Amino acid sequence: MALEPKDDRSRLLERAAAHAVRYLAEVGERDAGARCGGDELRRRLGRPLPESGDDAVAVIDDLADAGRLGTTASQGPRYFGFVTGGSVPAATAADWLTSAWDQNAQVYAMSPLASVVEEIAAGWIKDLLGLPAGWSAGFVTGAQMATFTGLLLGRSHVLREAGWEVERDGLFGAPPIHAIVSDEMHRTIFTALRMLGLGEGRVRRVGTDEHGRMQVRELARELRATSGPCIVCAQVGNVNTGAADPLAEIAALARERKAWLHLDGAFGAWAAVSPEHRHLTAGMAQFDSIATDAHKWLNVPYDSGIVLTAHAELHERTMVVPAHYIQRTAGERDPRSFTPDESRRARGI
């Protein structure tokens, strides 16, 4: 059987794939830093907006040439900056398929594959982290949005416990929420608190030891000094030292206080997979919500964050806003029900 002539799309995709394969073949041998700066990249790529589309092959060639010079070699073995991941070949290949399929992974009816794959991947992740099967998971852009989602659930929970429905009535007149963090929390915690209307300046900070671990005695004092709705944030994997807060001790104090307990486990949560380092995550399953990144130790392409919570019903109830044009499928998982996204990439693939 004779093959049909290649259409323009096939030629373009093959061209892009050839550039990508060449890049990955060379990245292990090059310097870690970018080989040109902003001025050179603007000279190569800058041009007036065309009246009609440029030749697509020429555009791909220009981007690929600039990419060999203007990227950092974060996929290569010499790059150790910023706790940045590098995707493994299988994950890169799956990501290419994800882009080709171009699914809007919002509800099951829009992409059964995306929904089922996220369900399966969530189960694997819970197994890896040693979390109960009943926890729910959402696939988001990164640990920033995972933290935002986890703290959003916490805000809803602690205010509901105080008799206030924040989704219905907002924050005006709501009981104040105490947010308690360590002195060395990652900035994503503070950004999330800003976005949630809880304010960076109102946060109560707990001192740390020489390794950057939260001081449990100081946390106990802060918890005793407050009353009413409370959220406590801890971390495993201090971004400067790699240290883990004493999670089990913190969890015991938070439970006694009836505080929501959120864990920043952007990269440190994956210590649970290592028999040698698993003790650092002891107590993690006692937390209410966990934020982590798959684009670090799991080595999948950017962007890929994960939020997990012990409160599956709260998770879905807080995130879902019904709409007449959204078709839900009984018995199936709608990925949108666990993230703040509407149109969203099929990250689970």
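Guide: Start with the cut-offs for accessibility. Buried means under 20% relative accessible area, exposed means over 50%, and partly exposed lies in between. The model here is predicted.

Visitor: Let me apply that. Is Arg-168 buried or exposed?

Guide: Arg-168 has a relative accessible area of 63%, so it is exposed. Asp-169 has 33%, so it counts as partly exposed. These two residues form a salt bridge, with the closest N and O atoms 2.9 Å apart.

Visitor: How many salt bridges does a search of the whole structure find?

Guide: The search finds 25. The general idea is a distance test: a side-chain nitrogen of Lys or Arg must be within 4 Å of a carboxyl oxygen of Asp or Glu. Take Arg-15 and Asp-61, whose side chains meet with N to O at 2.7 Å.

Visitor: Which parts does the pair of Arg-15 and Asp-61 tie together?

Guide: Arg-15 sits in helix α1 (residues 8-26) and Asp-61 in helix α3 (residues 56-70), so the bridge ties together parts 46 residues apart in sequence. Now check accessibility. Arg-15 is partly exposed at 38%. Asp-61 is at 16%, so it is buried.

Visitor: Which residues do salt bridges with shared partners join into one network?

Guide: Glu-118, Asp-303, Arg-333, Asp-341, Arg-344 and Arg-347.

Visitor: Next, pockets. How much space lies in the largest pocket?

Guide: The general idea: rolling a probe the size of a water molecule over the atoms shows where empty space is left. In this model, the largest pocket holds about 840 Å³. It is lined by 27 residues, and Ala-16, Ala-20, Tyr-23, Thr-92 and Trp-96 are the closest to its centre. The elements giving two or more residues to this lining are α1, α3 and α4 (89-101). Helix α1 supplies the largest share, seven residues.

Visitor: What is the make-up of the lining of the largest pocket, in nonpolar, polar and charged residues?

Guide: It divides into 14 nonpolar, eleven polar and two charged residues.

Visitor: What volume has the second largest pocket?

Guide: About 450 Å³. Of its 25 lining residues, the closest to the centre are Ala-121, Val-300, Arg-347, Gly-348 and Ile-349. Two or more lining residues come from each of α4 and α5 (112-129). Helix α5 gives the largest share, six residues.

Visitor: One last residue. Where does Ser-111 lie?

Guide: In the loop between α4 and α5. Its relative accessibility is 1%, so Ser-111 counts as buried.

Visitor: Which side chain makes a polar contact with the side chain of Ser-111?

Guide: That of Gln-103, at 2.8 Å. To read contacts, set aside the neighbours within four places in sequence; Ser-111 is then in contact with Gln-103 and Asn-104.

Definitions and conventions
Residues are numbered from 1 along each chain as its sequence is written. This is a predicted model: local features need pLDDT of at least 70, side-chain atom pairs count only at pLDDT 80 or more; totals for chains, interfaces and linings use all residues. Side-chain values use heavy atoms; hydrogens and water are left out. Helices (H or I, at least four residues) and strands (E, at least two) are DSSP runs, numbered from the N terminus. Buried means under 20% relative accessible area, exposed over 50%, partly exposed in between (1.4 Å probe, protein chains only). On a 1 Å grid over the protein atoms alone, a cavity is a set of points where a 1.4 Å probe fits but cannot get out, and a pocket is an open set with protein on both sides within 12 Å along at least five of seven lines; lining residues have an atom within 4 Å of a point. Grid points are joined across faces, edges and corners, and a volume is the space filled by probe spheres set on the points. Ala, Val, Leu, Ile, Met, Phe, Trp, Tyr, Cys and Pro count as nonpolar, Asp, Glu, Lys and Arg as charged, and the others, Gly among them, as polar. A polar contact is a pair of N or O atoms within 3.5 Å; within protein, one must be able to donate a hydrogen and the other to accept it, and residues adjacent in sequence count only if both atoms are side-chain atoms. Contact means heavy atoms within 4.5 Å.
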